[in-house]
Structures are given as C-alpha cells and as structure tokens.
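Hello,

Please take over the structure below. My notes follow it.

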Amino acid sequence: MRRAFSALPLWLFGLIWALPLLYAVWSAVHPPVYSTIFDPLAPLTWRNFVQAWNEAPFARYFLNTIFLVCFTVFSQCVLATLAGFAFARLRFPGRDLLFAALLLQLMISPGILLVWNYREISWLGLADTIPAMGIPYLGSALGIFLLRQNFRTIPSELDDAARLEGCSLLGRLWKVYVPLSRGTYVAFALTSVAYHWNDFLWPLVVSDSVTTRPLTVGLEIFATPDQGVQWSLVTAATLLSSAPLLIAFLIFQRQFVQSFLRAGIR
Amino acid sequence: MGSSSGEETHPLGGWLLVLPAALFIFAFTNGPLLATFASSLYAAPIAGQGGGFVGLANYRDLFADPSFLRSLFNNLIYALVTVPASVMLALLMALGVNGAMLGRAALRLFFFLPTMLPMIAVGAIWLFFYTPQYGLVDRFTRLIGAGDINWLGDPSTALPAMMAVAIWKQAGFFMIFYLASLQNIPPVLREAASLEGASRTYFFRRVTLPLLGPTTLFVMVTATINAFCVVDHVVEMTQGGPDNASSLLLYYVYEAGFRDWDINAAAAATIVLVVILSVLAALLFALFGRRVHYR
C-alpha cells in the first residue's frame, strides 16, 4: 500500500461516509425550512428535539428500552455465569454434547425463529409485555462461551486455596471466578446492551402498546407515518433515540471497541 | 480440549448449574428450530381441524410462490454483494487508518459511528437521504444531470439502495477487527521483508493477507449472518416493495407469519433460510478455515 493512499483521498472518502449522518444532524438542528438548504448562516435551534419529544411518548419508550436492556443483560450474565462455570470446571455426563448443542445459538438466533417464538410467548400469556422481548435471549450461548473460556484460564491453585478454606462450589464461583472475570463481563455486557438497545424485529412482533414499545419500534412508527413526513422532526427523533448509546460510546470508546473485539473473536 | 486440571466430577451440580441457561436456549432456539421444521411438513389447521402431515407440499407451494422466489433471489444477490463489499471496504478502511496520519482518530470515528446506531435509526436517516427531490442523493444526481430518481420506489434501484444501507451500517464494525489484527502483526516481519527486498505488494499478499485470515473468516461469517437475519431496514423503508423488489427471506417469513397468518409457509421459508445460512457458513469455514490453520 503506497503512502499516497492516506491523507486526502481517505479524508474525502471519510467525509462521504459521514454524509448521511451529517445531513441528518444538519436537518435536526435547523428550522424545517432549512432542512435541505445549506446556508451556513441558517439559525440553529433545539425546537425540533423538543417538538419530537412532545409529539410521541419518547420518554415512555426510553423507560421501556432501559428496563428491557437491564432485565435482559443482567439475567444473561447470571445464567451464563452458572453455566459457564459448570462447562469450564465441572465434569458431568453429556457435558460436551450439551455444550455443542447450545452453541447452535451463535448462528441461529431466536430472532429468526420469530413465528414459533411468538406462539410460545403467547402460550405463556406474555404477549405485549416487556419481559417477553428479552426472554428468548436470556440463555446466551455467547455469554456462556466467553465466560467458560475465561474461567478456564483461572489458575486452579486459587480455586484449591478457596476450597481448603471450606468454600462451597457457589462460594468459590462468587469469590474466585467472578471477580477475576471482570473484563469478560464488561465485554459481554456492552455487546449485549448494544444488541438489545438496537433490536427491532422481535420487539415489533411482541409489543403492541405504548407501555411496552421500545425506542426502536417507537421510532419506526414515528419515522414512517402514512402521510406527510416532517424530516427535521424525524431526524431529531432519530438522533434523540440513538443519543444515549452514541454518547456512551464517545466517552468509553476504547472499552466499547475492546469489548466488541473480545466478544467477536470466537 | 485444553488441560483438564482443576476439573471436578459433579454429575448433579453440573447439570443444576447448566439447567437454567440450557432451558432458555432449548426453549427458544433449538426447540423452535425443530418445531419449525416439523410444522413445515404439516398442513395449516382449518376451522378447528388439525392439518395432517403433507410431507414436502409446503415447500412445493413455496417454490411456486413468485414472491418467495423473488425474496430468495433478492437475498442471494444481497448477500453476494453486501458480504464481500463490506469486508473489502472494512479492510481498506483499516489499512487507511492504521498508519500515522492527520486526523486518524476522527476518521476512525466517522467509519465506526454508523455501527452504534440502531438499524432503525440508520433506516430513518437513509429514508431522508434517499427522498426524491429533497434527499441529498437526488440533489447530487440532479447536479450531474441524472434527474430525479425515486431510489426506493423504483424496482430496479430499491434492492441496491438497501444494500448501500447495509454496507454503510456494518463496514465500520468489521474495520475494528481488521485494525486489531493489523496491529498484531509483528513489526519484525516487515523489517525482515524489507531486508530481503520484498516489495510492499508482495509483503501484503504473502504476509499481511494470510495473517488476516482468521479475521476474514470471522467477519465473513458475521456479514453472512447479517445478510440473512437483519431486515429492520426493509420493514421500515420499503416493506419489501415495490412489487417485492426489495423483499428478503426473513422479511418474507415475517409477512407470511404475521400478515398472512400462513404459519406453515413461514415455517418452510424459515427452514430454507436456515439451510442456506448453514451451507454458506460451512462453505466459508472450508474456504478460509484451511488457510487459517496453515499460518
């Protein structure tokens, strides 16, 4: 790769890459008449954000998403800790076969089996509830896999020491294994938060009211009305609903990238 | 598999610890997959009467349904374009922002930001971007004299327009994996190569690319899964239209399952999707996996 393939052409490409996002930002922070007129002197305004916030129950959508993400990721971590520990350190009949069967989920996510999963959720009487959007994902093959890999690297001398002190199986898991796997938890949690914050199709199928709808579904309803779209409002709402994750990413860039890398190389 | 040091035999404890997670995974992944396969072999129950076993009849109907065939064909083209395009762009981006240069951090951010947006937000942004007359794309094409194009409303441009959205959304994500593995290449190799008088292109082809093998495999598999499992933008931007021109397999499943309530057609289409996905994943592993082990 020649040196020339740096600076200018790359910057031009980067600018083109950023155009859709910049265009959205432009229209969100200017009055609607300037949506598509690039006048550098156009007045800036926050009114699009305020109006978008007031025209749809975005506050409620935010709450729903936050609840969904917390419930899902926390449960995933607990279940994956127990299973990951058993797969890493305990010998029991059928272990390897079971492990292989669970890894199927790395390729076939519950999201593409949505027709059958919707039937199950309905049978359970959970349609149109927030937990229903998380339940199919509570057992996470990725989480189990990552934690198992990490637990296996923990020196068994540490484990033996705890055992000699009379620690139970769960006690050792909690006192030795969990504290030494903080990096793995962060990696898995950030990946999972990003996934479930952005998830759309399954929540669209399950949710049917304002009190359960997550941000993504709310945004889709707001962004595609039957007639007359006011773009400055749509772009404002779009940025609004992506903001928490974007801001978190800007602050913790390194951690996010490291987490995606750790969760990704499988 | 690794060392067995520190392993204890715990028949009951092991199962008890694994059970909660395994229960959820079997109930919502393995189980539904089997159930979907089973229901693809049965007729739909009509008016309270359970449908009987019909063998492959649902598949025969499926392959006689033009909108399914169109979705299948679209999805194959979509994968054939978005997977290599995203991966190649990601590699170019990574090579571009790997070395020292002005504003490197800002460029990396530009490339990566679309990844952090929900697909639905990306869809909304591109809906605006593609709007006839208002959208930036159309204003640009008018500037060069190509006139108004209804990107999402024209059957010949709708699918390519969706591909652009998918590539834009994921290339930056793959870039970080390439960046990480580029930085893992020991500088000693480059020094040795330049001592031997190897050209930059030779070094890239014979050293860099093979070392990136595992990353390429991972990124390709992820991109393939995305190509068949992400249809948020289709739901939001075109609803598969115009005239199924931008419909993908999972979108077909969604429509069959929740608009037409044709559960068995949806089941058969899901199985087709799963089979294609498995074949492609196996193919990628066979293709790139071997190179990975040779390094």
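**Around A:Leu147**

Leaving out residues up to four places away in sequence, A:Leu147 touches A:Ala80, A:Thr81, A:Gly84, A:Ser181 and A:Thr184. Contact here means that C-beta atoms, placed from the backbone, lie within 7 Å. This is a predicted model, in which local features need pLDDT of at least 70, side-chain atom pairs count only at pLDDT 80 or more, and totals for chains, interfaces and linings use all residues. Residues are numbered from 1 along each chain as its sequence is written, with chains lettered from A and ligands numbered from 1 in the order in which they are written.

A:Leu147 sits in helix α7 (residues 141–152) of chain A. Helices are DSSP runs of H or I with at least four residues, strands are E runs of at least two, and both are numbered from the N terminus. Is A:Leu147 buried or exposed? A:Leu147 is buried, because 26 other C-beta atoms lie within 10 Å. The cut-offs, with C-beta atoms placed from the backbone, are 20 or more others within 10 Å for buried, 12 or fewer for exposed, and partly exposed in between. A:Ile135 is 12 residues from A:Leu147 in sequence, and 20 Å away in space, C-alpha to C-alpha.

**A helix pair in chain A**

Helix α3 (residues 58–89) of chain A packs against helix α10 (residues 182–198) of chain A at an angle of about 145°. Their axes are 10 Å apart. Axes are lines fitted to C-alpha atoms, for helices over the stretch in contact, and angles run from 0 to 180 degrees between N-to-C directions. The residues of this contact comprise 8 nonpolar, 5 polar and no charged. Nonpolar means Ala, Val, Leu, Ile, Met, Phe, Trp, Tyr, Cys and Pro; charged means Asp, Glu, Lys and Arg; the others, Gly among them, are polar.

**Between the chains**

The contact takes 80 residues from chain A and 77 residues from chain B. On the chain A side, helix α1 (residues 7–28) of chain A gives the largest share, 12 residues. That side has 55 nonpolar, 18 polar and 7 charged residues.

Strand β1 (residues 90–91) of chain A pairs with strand β1 (residues 8–9) of chain B, parallel, over 2 bridges. Pairing requires at least two DSSP bridges between the strands. A:Arg91 has B:Thr9 as its bridge partner.

**Confidence**

The predictor gives the complex an ipTM of 0.89 and a pTM of 0.90. Chain B has a mean pLDDT (the predictor's confidence in each residue, from 0 to 100) of 86, and 92% of its residues reach 70 or more.

Best wishes

Terms used
Contact = placed C-beta atoms within 7 Å.
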